[in-house]
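Please keep the sequence and the structure in view while reading.

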Amino acid sequence: MTLSISTWNINSVRLRLPIVLDFLRQANPDILCLQEIKCQNDQFPSEAITELGYSNIVIHGQKGYHGVAICSKLPLTEDHRQDYCGVGDSRHISAVFAWNGRRIRLHNFYVPAGGDEPNREINPKFGHKLDFIEEMKLLSADGEPETSAILVGDLNIAPLEHDVWSHKQMLKIVSHTPIETEGLTAVMQAGNWVDLMRQQVPATEKLYTWWSYRAKDWAAADRGRRLDHIWSSSDLASSLVGIDVLKDARGWNQPSDHVPVTARFAV
DNA sequence: ATGGTCGTGTGACGA
């Protein structure tokens with residue numbers, strides 16, 4: 001019995017619907033979690049995605065910015081949208097599905113990017129990001145009775161040295177400052193989460209999921225960051241059989257600056 | 001050393 005879950009910051013699901021469909025046909029995950037859909041719920045391209053077998057879709061959209069969705073071949077129940085920091089942004093959605101006799105709650109997050117200046121006194125967006133991850137510490141992988149948990153999404157933080165192209169040059173760059181990387185590590189520890197990507201790929205190996213649009217040649221420079229993550233409760237970690245980071249997708253037509261990451265489980 | 005590129009939806013803002 002297998003299960004595969006993908007996460008992808010799509011940076012407008014309407015503009016990039018063709019590559020979403022290409023990805024679903026090619027990778028064929030059981031569940032796809034999207035971030036930055038940049039549309040309202042009724043603008044989400046549900047029909048085209050449903051036609052590929054993803055008939056269970058839950059959406060938390062908003063006009064123009066942010067927005068998350070879960071598209072699943074498996075039935076989804078008990079969907080929930082949490083308003084982190086109480087500012088009305090659509091940055092989280094979760095739902096429950098069943099696999100291998102378990103109840104699993106799947107959380108899909110889009111953490112604030114945090115602006116350019118890593119100082120909350122002069123940059124409120126950085127303060128918002130820090131407050132958001134502080135609130136994430138309250139989310140435990142074992143918080144719900146008789147329920148396992150998976151957390152995916154664009155967390156906009158590259159926590160480890162080899163999650164960025166140059167640890168030293170990135171220490172003052174938002175996404176890799178110590179207050180963020182230590183904060184994200186504290187979220188994982190407080191909630192008893194396991195970093196499934198790093199369970200599969202040694203921490204000594206470079207691993208990126210995002211390459212800036214601003215580089216002249218993203219592939220040649222290869223100045224990436226691991227901003228996208230897949231975590232689980234510890235009971236599911238032993239069922240993980242593989243992680244696929246689809247780097248090719250960064251070179252597709254009209255690409256997102258993030259690539260899809262897929263976790264494969266089996267028992 | 002510091003600009004560089006996207007998407008939304010029309011003028012800035014967020015990333």
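## A buried loop residue

L207 counts as buried because its relative accessibility is 10%; buried means under 20% relative accessible area, exposed means over 50%, and partly exposed lies in between, with a 1.4 Å probe and protein chains only. L207 sits in the loop between helix 6 (196-200) and strand 10 (210-211). Here helices (H or I, at least four residues) and strands (E, at least two) are DSSP runs, numbered from the N terminus.

The model is predicted: local features need pLDDT of at least 70, side-chain atom pairs count only at pLDDT 80 or more, and totals for chains, interfaces and linings use all residues. Residues are numbered from 1 along each chain as its sequence is written, chains are lettered from A and ligands numbered from 1 in the order in which they are written, and side-chain values use heavy atoms, with hydrogens and water left out.

Not counting residues up to four places away in sequence, L207 touches H162, D163, M197, R198, V201, R225, R226 and V245, where contact means heavy atoms within 4.5 Å. L207 and I37 are 170 residues apart in sequence, and their C-alpha atoms are 24 Å apart in space.

S233 belongs to strand 12 (residues 228-233). It counts as buried because its relative accessibility is 0%. Neighbours within four places in sequence aside, S233 is in contact with A141, D142, S148, A149, N192 and W193.

N156 lies in the loop between strand 8 and helix 4 (167-170). Why does N156 count as buried? The reason is its relative accessibility of 9%. The side chain of N156 reaches the backbone oxygen of V111 at 2.8 Å. V111 is also among the residues in contact with N156 once neighbours within four places in sequence are left aside; the others are Y110, P112, A113, K129, S175, E180 and L227.

Helix 3 (residues 124-136) has 13 residues and spans 18 Å from its first C-alpha to its last, close to the 18 Å expected at 1.5 Å a residue. The expected span is 1.5 Å times one less than the number of residues. At the N-terminal end, N123 caps helix 3, with a side-chain oxygen 3.0 Å from the backbone nitrogen of K125. The buried residues of helix 3 are F126, G127, H128, K129, L130, F132, I133 and M136. They pack against strand 7 (102-110), strand 8 (147-154) and helix 5 (178-191).

In helix 1 (residues 17-27), the buried residues are L17, I19, V20, L21, F23 and L24. Their cover includes strand 1 (2-9), strand 2 (31-35), helix 2 (46-50) and strand 14 (261-266).

## Positive phi angles

Most residues other than glycine have a negative phi. N28, which follows helix 1, has a positive phi near 50°. Phi of S12 is also positive, near 90°. S12 lies in the loop between strand 1 and helix 1, and it is buried because its relative accessible area is 14%. Q254 has a positive phi near 45°. Q254 is in the loop between strand 13 (240-245) and strand 14, and it counts as exposed because its relative accessibility is 51%.

## The DNA

How many residues surround DNA strand B? There are 17, and the closest are S12, L15, R91, Y213 and R214. A residue is near a strand if one of its heavy atoms lies within 4 Å of it. By class, the surface near DNA strand B has five nonpolar, four polar and eight charged residues. Ala, Val, Leu, Ile, Met, Phe, Trp, Tyr, Cys and Pro count as nonpolar, Asp, Glu, Lys and Arg as charged, and the others, Gly among them, as polar.

Of the atoms of DNA strand B within 4 Å of the protein, 65% belong to sugar or phosphate and the rest to bases.

| Side chain | Atom of DNA strand B | Distance |
|---|---|---|
| R16 | phosphate oxygen | 3.1 Å |
| R91 | phosphate oxygen | 2.9 Å |
| R214 | base nitrogen | 2.9 Å |

Methods
A polar contact is a pair of N or O atoms within 3.5 Å; within protein, one must be able to donate a hydrogen and the other to accept it, and residues adjacent in sequence count only if both atoms are side-chain atoms.
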